[in-house]
Amino acid sequence: LNNPAGTAASAAAAAGVPAASSSRPRATSDYGSIRASALHQARLRIESDVDCVSYAPDVTVEGTERQRLVDNSGEWYFESQHAVSGEELLSAKFESLDYDTCENSLWAAEDQSRTVWDLRRIELCRWLVHLLIGVVTGAIAFFIDVCIEQLAKVKYRYMKSMLDRCIFHDCLIYALLLWIAFNFIFVLIASCLTVFGEPVAAGSGIPQIKCFLNGIQVPRVVRLRTLVCKVLGVLFSVVGGLAVGKEGPMIHSGSVVGAGLSQGRAASFKFDLGIFEYFRTDAEKRDFVSGGAAAGVAAAFGAPVGEGASFWNQGLTWRIFFSSMTSSFTLAFLLGFYRGIPNDLSNPGLISFGKFDKLDYDLLHLAIFACMGVVGGLSGALFNTLNEHLTKFRHRYVTSKLGQLTEAVLVASITAVTSFVLIYTVRSCQPLGSDQMEYPVQMYCPDGKFSSMAALLFQTPEAAVRSLLHDPVGTYSVTGLIAFCLPYLLIATWTYGVMVPSGLFIPSLLIGAAWGRGVGIGLNLLFPTHFTDPGKFALIGAAAQLGGIVRMTISLSVILIEATGNVLFGLPIMVVLMVAKWVGDYFGTGIYDMHIELASVPLLPWEPPSRSAAVSAQAVMSSPVTCLYRQERVSRIVEILRAEPHNGFPVVSGDLGPGTFGTFEGLVTRNQLICLLDMRLFDDGDPNFHLANPVSLSDFRRVYPRFPSVRQLQLSEADLMKSVDLGRYMNPAPYMVLHTCSLARIFRLFRGLGLRHLVVIDHRNQVVGLVTRKDLARFRATHTGDLKELQFTG
Ligand code: ATP
């Protein structure tokens, strides 16, 4: 393993900036290969690149580069290093969430003081929050659905009357211009909401939520502002005719609802109800976000399953199930009222593929379905590869806000033109009444007939999928479907990643349903008695295409079975998804993982990389470690917090000298240090100080999650001379490992327990190193199964 060596001090010297002057706890280490914070070096490099006047204690960075760093802090694609260098890099800027409980003396005191009624109240509140998450997520889904329906009605009614008139008056160009204008305006609104409102609201949000649940702090991903931009943005991008669906964004919206409601306040609006204070920790919030994501899935598909969560347990599963059911029920209830049939609760999700009367199959069908899985895997891999190249291109050249807006409206206009050209050129006509569509367009068809190509393009993509699955035999021709499928695939590939909220499920299903139906029609022509229903093949094609693109298995199986309402067809769907995943995985990762990789996020996968059992903690850890003493001077804490970007510091006792390290006592986090400095808990060694100045965990939760920065602290010279007893606030028993521990075991600890810091000790209980998520995320398996180490970018 090729570990970058050197110390933070030498990195600072190389960068020409003064390093932290605190030498006391940084004993020179001869323990294995000393990595000494490669990330720190990267950060120093960034600072030095940008004309750094002074580094510590007051960082003053001049010029626009600093502005860029600040401006981009909420964007998903922080760095576009991949695009620039083509190298695989990880971004050091994504911080971690702390999913491990800090069991310090304040926590123990709070735990002791709780009565059984307190515990019941907390549990009741937990259920209440999950109920609220379900209700609010369902209501949001209802709002989106109704708004899309109403806006789409206006758009397609005008478009239809214009088209019908222009066929006779030879003014089709005006109909085309109207179509472009509609798409342009709606998509411009969606894009403005994203570009100027909240950039992290772009896309489906699924990769970002997956990262959040994995323990990565994606800036602004669960903010109220993000929710507003996402919800309004998605309805305009769907009505704007883009090849997008509203289902993925529902999952993101549900997650934001989960994160927001559980905290009982909206930090952006400085609004605090003062309730659910107990839930103001990363671990609690994560569970509510999981509930919200599941409620979003349920509202979207009527199926309470998702594969995004990284941490799971039985109690949580039951509560999440409750949120999902509540969300489905709320949506069904509200839609029933809206449609004037209040007792009808048969609309559990935003999409329903309609009931199939007959979905029978035999072994021959299964074999054909498996072959369709191969096609789905191949075309999914093609979709992902094209999208990857486009994303790289986009992050290299489409970086300005104007550029992003222009791209969005360009895609909208081209979608309108392509749709128009397809309807104009593919002249397949069907008798009226054979399709459920609200606005059948006649185009050049004789009276009593309508254009079946218009049936696909002249309605929302969900409705088009339903048409492909259920329209009678003979509605579509193979050439028409091919003519639709290819341009739509290219447009959908281009659309995913444009700066608008957009879901990928529906366009994928639509592409798959189109070619699947084509296969069904072909088989029906060859063997009319055996393959009677092309709708069945459309369903399999849809599953294959979606599976080939997103590579989810369990949740997609359940979602598709749920959406078809036929459990007996579960096995073929599963087979197709499995084959599509295997084939697709051969060529690369699924689209969500691909976007996570492109954003250089240090995500930890489920399993440790292969051949990591022989790598020891020494090769992974940072050393020497910046430590604090139990009774520590305020000036030194401030100095370290200003000089070091780290978020965790081991607390040690004993003398430090060459070859010796402090004896491990506990771990204190940056946020804890900032809080206690802010509260001026300077005891100066007085054992009675805490009796006179009682503090509790509530004082720390009050500022969660937006802790002040060290520069915002206002400390006098006299304050700096005082000292703090860290023993009361540190975690006295965090997870730690011996320096001989293997990378594989460390990985499992992080993954299983949601750790942020892991202290490495030697057999004398002395701190010899520290491992964080980024130290682990660097290690990846190559295609041949070897271990490789990625570099970090600032
Ligand atoms: P996170 O960013 O995940 O919230 P963090 O900021 O504490 O955690 P990282 O940014 O992951 O830590 O750490 C960057 C590098 O610095 C890693 O290689 C890590 O091992 C090292 N590091 C972290 N804390 C310390 C420390 N107290 N002393 C020395 N090196 C550290």
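Where does Arg-680 lie? In this predicted model, Arg-680 sits in the loop between α25 (670-678) and α26 (689-692). Here helices are DSSP runs of H or I with at least four residues, strands are runs of E with at least two, and both are numbered from the N terminus. Residues are numbered from 1 along each chain as its sequence is written. Because the model is predicted, local features need pLDDT of at least 70 and side-chain atom pairs count only at pLDDT 80 or more, while totals for chains, interfaces and linings use all residues, and side-chain values use heavy atoms, with hydrogens and water left out.

Now to the backbone. Most residues other than glycine have a negative phi, and most peptide bonds are trans. Arg-680 isn't a glycine, yet its phi is positive, at about 55°. With 37% relative accessibility, Arg-680 counts as partly exposed, a class that falls between buried (under 20% relative accessible area) and exposed (over 50%), using a 1.4 Å probe and protein chains only.

Arg-220 is another non-glycine residue with a positive phi, this one about 65°. Its place is the loop that runs between β5 (216-217) and α9 (224-239). Arg-220 has a relative accessibility of 26%, so it counts as partly exposed.

Then there are the cis peptide bonds. One links Ser-623 to Pro-624, with omega near 0°, and Pro-624 turns up in the loop between α23 (617-620) and β10 (628-629). The bond from Tyr-704 to Pro-705 is cis too, again with omega near 0°. Pro-705 belongs to the loop between α27 (697-701) and α28 (717-720).
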